[in-house]
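Okay, thanks for coming, everyone.

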Amino acid sequence: MSIRTTCPYCGVGCGVLATPDGAGGARIKGDPDHPANAGRLCSKGTALGETLGLGGRVLTPQVGGAPASWDAALDLVARRFQAAIRDHGPDSVAFYLSGQMLTEDYYAANKLIKGYIGTANVDTNSRLCMASSVAGHKRAFGADTVPGTYEDLDQADLVVLVGSNLAWCHPVLYQRLVAAQKARGTKVVVVDPRRTATCDIADLHLALAPGSDAALFNAALVALADRGALDRAYLAAHVAGFDAALIAARASDPAMTGLAAADLATFLDWFTTTARTVTLYSQGINQSESGTDKVNAILNCHLASGRIGRPGMGPFSVTGQPNAMGGREVGGLANTLACHLDIGNPTHRAAVQGFWNSPVIPEKPGLKAVEMFQAVAAGRIRALWIIHTNPAVSMPDADAVARAIKGCDFVVVSDVTQTDTTRLADVVLPATAWGEKSGTVTNSDRTISRQRAFLPAPGQARDDWRMVADVAARMGWGEAFGWQSVGDVFAEHARLSGVAGDLGRDFDISGLAKADYDALPPTRWPVSARQQGGRFFGQGGFFTPDQRARMLPITPRLPVARTAPRYPFRLNTGRVRDQWHTMTRTALSPRLTQHIAEPFVEIHPADAAGLGLAPATLARVTSPQGQAILRVSITDRVAPGQVFAPMHWTGETAPTGRVDALVAAVTDPVSGQPESKASVVAIAALNPAWYGFAVSIGPQSPDATYWARARHAGGWRSELAGMERPQDWEAYARALFDLPDATCLSVEDRVRGTHRLALMEGGRTLAAFFAAPEPVQLARGHLADQVGQGGAALLAGRPGAGVADPGPTICACLNVGLNTITAAIAAQNLRSVEQIGSALQAGTSCGSCRPELAVLLARRLEAAE
């Protein structure tokens, strides 16, 4: 029987049908009845079934790195937290949470720390992705309210994507937009310094200077005013601050954007003449030291033109995590209370404390994420609980954060697998994972969906809300945390939202307090006697004292850090298509590692030439904070002087590829969100003595200056490089694979300086290693398929005559490789992405590979001319 649940990845919130296979796994497909995705899944969602194994799982509590009982672990946690509070006060305790948590887990943690421990030192990794949007919403609307819905993408005539690589980061929404473009001719503008995959559908790409988004939208506000495109009636009835906002906009210089005059003119013409306009923005806006101002510059334009809260119109913040919205709803940030209530409002504090009947409620905001780990480093935080996040990798200035965690008096980590962060903890608590736990998540358009368990909890793993309740009971507050089920937690949260509704707040799901929790369908809030779902603000009704929105005067600011001869490049960080956060789940899927298997840096051809960098070599990237070694990708997707690197790799997968070690801990002064798009770096060729590739059916223990490890269907593969050549290549390979007694076949080419070794046992090749003085050119997919089979033919590094090599994966959903696609284009004279889909099915699932298919087609057509 299929179980309806929700995908654990991005903020789209896709519905999933999971059918257990009886062997610990499940078959996965999209839920055709879920409003967010109507059956579609992206490559990551499609591969969820490959991530359900127990390899690497934490299955028992650990104290000091040794197995312990739950009682011993929880007793220690409660005792150490109580000691910190007694000796140093409640502000010596902090929780660091995650948008991967379910709403009920989030609620329990916030209730404990704010209502009972008595500190607001609780923050979340959502601070890193959407805090600027929260702050911008609150400044403009009086509450953190997302005005629109996904249906607006279907109904818009112009969609402006700002700082959002929708094709790779939210592929199902991207396909929704593609469908609208085909159905109604929707124009698409992409605003991004980098030419991303999303530009494939752009009618206009504005490659503006990094950080200049506010200048662009100030120019748009001026154009709205000068061209008679303001909604004077809406402004008069529902908005305050217009005059000051316009004066500030006129004072800013559109030339700051660096855009060609013709491109800017086209954008302003479309933006001022298209009534049904949606401005969808994401991390390129939020992850900025002036992110809140950028958000308000966008909101100013929609408020001034009255294009908000009506079909096909409005600003839209698309979130990166599956429950970033749920965390916002329960007060998961250091400066908020539950149910969108404000920690600085005495009435709100009294309402929450009274509802909880709690002994205390903090009167001031706590430490935001960057401040929190700085306080840990300074010794002001003595006890820290980290839940479902990996800050030793994902925080800016990640090396300093790792040192801070290691030096903290007492650290608890609740997680599913071993990570860079769990290895620094005093206590590790085994948590249930997706497929094992139940609760709710809220997606980007306010739709609450159930995650449902379809597998039993393995080992001694427990739900997070239960762990929190167990610790609370040991600290003397068992009655207040005496829930019997996760549904009880949700019902309490829903009842508290009714209190918020009575105080005139936006978040009210009190109508769900008595709902059948097990059968709860996807439901967009609010759900109360006052309002049901739908859009906000089409007729005003803002959550300010006078119910008027606030337009703010915005003065654009470029990044504080300036490039200089020592650090001449500006680093942009982000995601790749098939990976997620620090890969604790996606790296379990062999399919998802085939597209991009190692960390890289994109650099413009002119810059690469100036530095002497060749394609596929390695570069050392340094910043004032740290360094990384990354594979070189030479491309004009980035402009001269700019580089891009993804943030996924960790000490577990590529220890020198931890990109956030390069990122400065500079934050927005309003939101506290770090700037992740504009750190300054230097780049130099690494020039290793050797490059290597290793493939095996068993685990590998790389020992090299650089290594990046990934799964394949039959085992493991690694890219390696070293500054010194091993004296004995056979001994090196045996140690790498831990195969001291296997038979070794080797081929050495002394002229080229290459070495190829196969380690065999019982006629089967268990592992193979290839080394060369330059990047090793091999058919890696073919080698991964052949390892574990008989014979040493794989030492050729390529398939023999008549054996197909599909090449690197392009379409991860349907596992279609580069060589298969290019061969079909040539043999069948394919002329469109649609024809490739008909011939091979590539690009017909989530569609996130369609831009790459278009590039392959273009290259083929250019070659034929």
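This is a predicted model: local features need pLDDT of at least 70, side-chain atom pairs count only at pLDDT 80 or more; totals for chains, interfaces and linings use all residues.

So, to start: is Met583 buried or exposed? Met583 has a relative accessible area of 6%, and the cut-off for buried is under 20%, so Met583 counts as buried. Where does it sit? Met583 is in the loop between β21 (569-574) and β22 (600-603). And check its backbone: phi is positive, about 65 degrees, although Met583 is not a glycine.

Next one along those lines, Asp397. Here phi is near 50 degrees, again a positive value in a residue other than glycine. You'll find Asp397 in the loop that runs between α17 (391-394) and α18 (398-407).

Pro526 belongs to the loop between β19 (523-524) and β20 (549-550).

Okay, now the holes. How many cavities of 30 Å³ or more does the structure hold? There are 6. I'd like to show you the second largest cavity, with a volume of about 110 Å³. Its lining includes the cysteines Cys7, Cys10, Cys14 and Cys42. Also in the lining are Tyr9, Val12, Gly13, Leu41 and Gly45, plus His170, Pro171 and Val172. So what does that lining look like by class? For the second largest cavity we get 9 nonpolar residues, 3 polar ones and no charged residues.

Methods
Residues are numbered from 1 along each chain as its sequence is written. Side-chain values use heavy atoms; hydrogens and water are left out. On a 1 Å grid over the protein atoms alone, a cavity is a set of points where a 1.4 Å probe fits but cannot get out, and a pocket is an open set with protein on both sides within 12 Å along at least five of seven lines; lining residues have an atom within 4 Å of a point. Grid points are joined across faces, edges and corners, and a volume is the space filled by probe spheres set on the points. Ala, Val, Leu, Ile, Met, Phe, Trp, Tyr, Cys and Pro count as nonpolar, Asp, Glu, Lys and Arg as charged, and the others, Gly among them, as polar. Helices (H or I, at least four residues) and strands (E, at least two) are DSSP runs, numbered from the N terminus. Buried means under 20% relative accessible area, exposed over 50%, partly exposed in between (1.4 Å probe, protein chains only).
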